[in-house]
Amino acid sequence: MKRVLFVDDEQPVLEALRARLHRLHGKWNMDFVHSGALALERMHERPYDVIVTDMRMPGMDGAQLLEAVGQRWPETVRIVLSGCAELEQAVRLVPIAHQYVSKPCEPTQLETVVDRCLLLHDVLNEPRLRALVGRLRRLPMLPRIYSALQAVIKDENATIAQAADVVSADPALAARVLQLVNSAFFRLARRISNIEQAVSYLGFQAIRNLATTAEIFSQWRGGSCAGLDLERLQRHGQAVAAATGALTAGTPIADDALLAGLLHDIGYWVLAQECPQDLSAAVKLAAQEGIALHAAENRVFGASHAEIGAYLLGIWGLPYAVVEAVAHHHQPQRVVHTEFDVLGALVIGHALATGDETTVVPTARTPDPGIDASYLLAVHAPFDWDQAVRRVEAGRASSEVHV
Amino acid sequence: MNAILAVPAAPAAERLRLSLATERVEHARLQIELALCTSALDAASTHFMILDVSRSPYRIVYVNRAVCESHGYSPTELIGQSPEMLVCEEGSREALKQIEEAVCEVGAVSVELVGQRRDRSTFAVGVKMMPLPASVPGVTHYVCIGADITSRLAQDRAQRDLQERLIAEMRERERMATELRLAQKLESVGRLAAGIAHEINTPIQYVGDSLSFLQSAAADLQNLREEYRRAIKRLAAREPAEDVLSPVESLEAAIDLEFMATEIPKAFQRTLEGVERVAAIVRAMKEFAHPHGTDHSCADLNRAIETTLAVARNEYKYCAQVETRFGAMPEVRCNVGELNQVFLNLIVNAAHAVGESGKDACTGRITIVTSASTDTVSIAIGDNGCGIASENLEKIFDPFFTTKPVGRGTGQGLAIARSIVVEKHGGRIDVESTVGKGTTFTVHLPIAGRGSPRPS
C-alpha cells in the first residue's frame, strides 16, 4: 500500500482531508502532521511514497521541507497543495515540487494528481527498466548550458543580455539555436539575427530549451543504427515540437510542451548508442509481426524508448511535466487528466505532426490509437479536432517558409 | 569792518556804502548757502530736476548730478532744453499724459517712465512731480524727484517669478502626494488581495472537503438504511438472525460506521466554522475599505484596529503573534478608512521587522496598546523585530526611504502614515527604536479631530 503524508499548519484542513480521503484507506496509508519538522521526523522513521504539503507554514515552510525531502529521499513524490497564488510561478521555476495543486482544489483533483505521480514513479521504477538502465555503460550528461541558463532564469534581476551571453559563449551553439529559432516552429514575422533578439522574442525558458536541445544533438557520437540517424531524430523532434508549440501557444505550459516535443524520442538516442543490436532486433520484430515499434521495444528491452527517455530526463532534473509527458506519450490512456497539460499537448501534437512523416526509424508507421476527438475531451483540450489540425498546419506552413 | 565803523563818513554815501557792503556780505552768504544746497543735491543719488512749465514744451531749469549721470549729459547740455530728450516716448505715453493733466490742475503726480540716455538706451525711472510752492499762484515751476528703478523692477519680477514657481511646485507636490497615496493604497490593496485570497482559500478548502465527505457519508448511510430495511423485512419473515445480520455488519464495516459516527458531527462543525471564517474576513474587508471618501466622522479605533488585523492576518501570522491591549477609548473624529491604512502600514512594517530579525510565529511579537487621555488617544504598535538604526531613524518618514529590497514596498508606507496622521488629522507619530530589540510607533490623535488643538 502506498504511504502518503499530508502536511498543513491548519488543523481543520488536515481533518477535512482525513475525513474525505477516508474512503481510500484501503488504497493509501495516510498520515497527517501539522508542521514541517514533524513531517521530517516521520520521514526519518519510515519514508513515504508521497508527501503533500502546504507552502506557507510557521517555522519550516513548504519549500524548505520539500527541499530537505528532495535531497534526503529523492524517490518520494513531492506535491504542493497551497492557496498562495503568487508562489505557483516560483514553484514552476524552481522544481522543488513535482506537482502544484492550488487550494481550493476540485473534489477529486488531489487524488488524481497523487495517482498520476505514483504511476510515473512506478513506470520509472519498473524493475525491467531499472535492469536495462543498469546495463547501460553510461548515460549522457545533461548539457551544461541547461544549468547555466537555469541559473540566469532563477535570478530575478537577470537581464536578457546575461542569458544571451551564456548562449553566445559557444558560437557554434549560438548558431544552432538561431537556426532552430528561424527554421523551425516559431511563427516569427521576421528573421531573428542574434541571440539577444531571440531571447527577447521567445523568453528565457524557450531559449534554455532550444540551447539544451541543440547541445544534446551536437553531442551525438557514432553513426546511424537500424536506419536511425541524428538528422531524422532531430527533424522529427522539431516537427512534433512545432505542433505542440502551436497547440499551447500563449499558455503557461508552452515552454514545457515545446521541450517535451523536442526531446520526446530522446530514448532512441540512448538505445542507438548503448544497445544498437537490440534496437535493430526490435525494428525487425516490429516489421515481422506488424506491431508498433514501441511495443516491439517493450518485448526486446522490457521497456520502450519512452520510459528510457523519461528516465534520463528525470535524472537530468528537467521539469516534471516534461518527464511525465515523455514517459507516457505512447500510452496516454493510462493517465487521468484534470486539465489540459503537457502530456495532452504532446500526444495530440505527435499524432498531428507525424501524420505524413516517417517514424524515427524506417518502419511502417502505426497510427497512434485512440487519439481522436474523444481524447481531446478527455484531456480537457481547449480546442476541437478541426481547430487542432488548423493550428498545427498553420505552424507547419509558416515554418516551411523559413526553411 | 572795524575800519568802516571807526571812520565816520558823509551820511548818504556812507549809508549807500554800508548797504552795499551789507548786501555783499549777504550775497556771499547766499552763495555759500546755494553752493551747499547744490552740492548736497549733487551728492544725492535721487534725481532732482526743476522744470519751467509756463509754456510747452517745458524747459529744464535745474538738474542735479544724478540726473546728468543717469542720462549721460552734462548740466549745460540739459539746462534750457525740453525734458522730452530724457524720456523714451515709446512706453511712456500714458505717463506723459498723466503729467500733462496734473500740471494743468497744478497737482502733484507720481509716474513710472522709460528714461532715455544720450546713447538712446533706456531704463526704468520712477518720478514724483510737485508744483513749487514759491511759484503759486500762476505756477511756473515743478520739481521732479526721481530714481532709476530698473533694479527694483527686476527684483520685483524675480520675486514674482519665484512666487509663481513656488506655487507651481507646491501644486506639483500636492499632485505627486495624491498619486503616491493612491499608489500606496493600491500597493497595500494588491498585497492584501493576495493575502486575503490565501486566508479565504484555506477555509474554502476544508469546507469543500468536509462537504464532500458529508455527501459521500450521506450516500453510505442511505445504503446502510436500505440494508437495515431489508434486514427488518427478512427478520419479520423469520429468516435466521446470523444470515440477516452478516450483510448488515459487513456493510457497516465497509463504510466504517464508527469513523462516521465521530467524524460527521465534526465535519458539520468544521463547515460552519469555515463559513464563519470566510464571512468574518469579508466583513472585515468591507469595514476596512470604508467607502466614506474624505469625510471625517466618529469611529471606534479599537474596532478599526481589529478590522485591520483581520484583513492583514496573512501578513503577520507566519512571523509574529499579535497581542492587543485595548484601553477604553472614546469615539474619535477621523477618516477611519485612512487611519486603517496607517494601522496597516505600521502592522506590516512591524511584521517585516520581526521577520527580518529571524523570529517566527512563536518568538515574534507585535503588541498593540491603545489608551486615551482627556483630549487625545494614543495607539502604540510595537514589535520585537530588528529595530531601526539611529542614523535611519530621522529618515524613515521621508518619501521613498526604504531599507527593504526592491519589490518589497515603495518606501511610501511611513511617509503616507505621517501625512495622514499629521496633515489630515492634526495628530503626530512618535517612534522609539533599539537595534536588535524592536521598534514602537505611537500614533497620537486629537479626539475632536482635525482643527482641534494639537496633542502636545
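This is a predicted model: local features need pLDDT of at least 70, side-chain atom pairs count only at pLDDT 80 or more; totals for chains, interfaces and linings use all residues.

Me: Let us begin with charged side chains. How many salt bridges are there over all chains?

Reply: Side chains of opposite charge can pair when their charged atoms come close. In this model the count comes to 37 salt bridges over all chains.

Me: Which residue forms a salt bridge with E10(A), and where do the two partners lie?

Reply: The partner is K317(B), and the closest N and O atoms of the pair are 3.7 Å apart. This pair crosses between chains: E10(A) belongs to the loop between β1 (2-7) and α1 (11-20) of chain A, while K317(B) belongs to the loop between α10 (313-316) and β7 (321-326) of chain B.

Me: Are E10(A) and K317(B) buried or exposed?

Reply: E10(A) has a relative accessible area of 11% and is therefore buried, the limit being under 20%. K317(B) is buried as well, with a relative accessible area of 14%.

Me: Which residues are linked with E10(A) and K317(B) in a network of salt bridges?

Reply: The network links E10(A) and K317(B) with E199(B), R277(B) and R313(B).

Me: Let us turn to helices. At what angle do α6 and α17 of chain A pack?

Reply: Two packed helices are described by the angle between their axes and the distance between the axes. For helix α6 (residues 127-135) and helix α17 (residues 305-316) of chain A, the angle is about 65 degrees and the axes are 11 Å apart. That angle makes α6(A) roughly perpendicular to α17(A). The crossing of the two helices, α6(A) and α17(A), is right-handed.

Me: Which residues meet where α6(A) contacts α17(A)?

Reply: From α6(A) come L129(A), R130(A), L132(A) and V133(A), and they meet E307(A), I308(A) and Y311(A) of α17(A). The residues of this contact of α6(A) with α17(A) comprise five nonpolar, no polar and two charged.

Me: Now the backbone. Which residues are joined by a cis peptide bond in chain A, and which in chain B?

Reply: The omega angle is the value to read. In chain A, K103(A) and P104(A) are joined by a cis peptide bond with omega about -10 degrees; P104(A) lies in the loop between β5 (99-102) and α5 (109-124) of that chain. In chain B, a cis peptide bond joins S56(B) and P57(B), again with omega about -10 degrees, and P57(B) sits in the loop between β1 (47-52) and β2 (59-63) of chain B.

Me: Finally, what is the phi of H380(A), and what is that of D256(B)?

Reply: H380(A) is not a glycine, yet its phi is positive, at about 55 degrees. H380(A) is found in the loop between α20 (373-378) and α21 (385-402) of chain A, and at 43% relative accessibility H380(A) counts as partly exposed. D256(B), also a residue other than glycine, has a positive phi near 55 degrees. The loop between α7 (241-254) and α8 (257-289) of chain B holds D256(B).

Definitions and conventions. Residues are numbered from 1 along each chain as its sequence is written. Chains are lettered from A and ligands numbered from 1 in the order in which they are written. Side-chain values use heavy atoms; hydrogens and water are left out. A salt bridge is a side-chain nitrogen of Lys or Arg within 4 Å of a carboxyl oxygen of Asp or Glu. Helices (H or I, at least four residues) and strands (E, at least two) are DSSP runs, numbered from the N terminus. Buried means under 20% relative accessible area, exposed over 50%, partly exposed in between (1.4 Å probe, protein chains only). Axes are lines fitted to C-alpha atoms, for helices over the stretch in contact, and angles run from 0 to 180 degrees between N-to-C directions. Angles under 35 degrees count as roughly parallel, over 145 as roughly antiparallel, 65 to 115 as roughly perpendicular and the rest as oblique. A crossing is left-handed if the near helix is turned anticlockwise from the far one by less than a right angle, and right-handed if clockwise. Contact means heavy atoms within 4.5 Å. Ala, Val, Leu, Ile, Met, Phe, Trp, Tyr, Cys and Pro count as nonpolar, Asp, Glu, Lys and Arg as charged, and the others, Gly among them, as polar.
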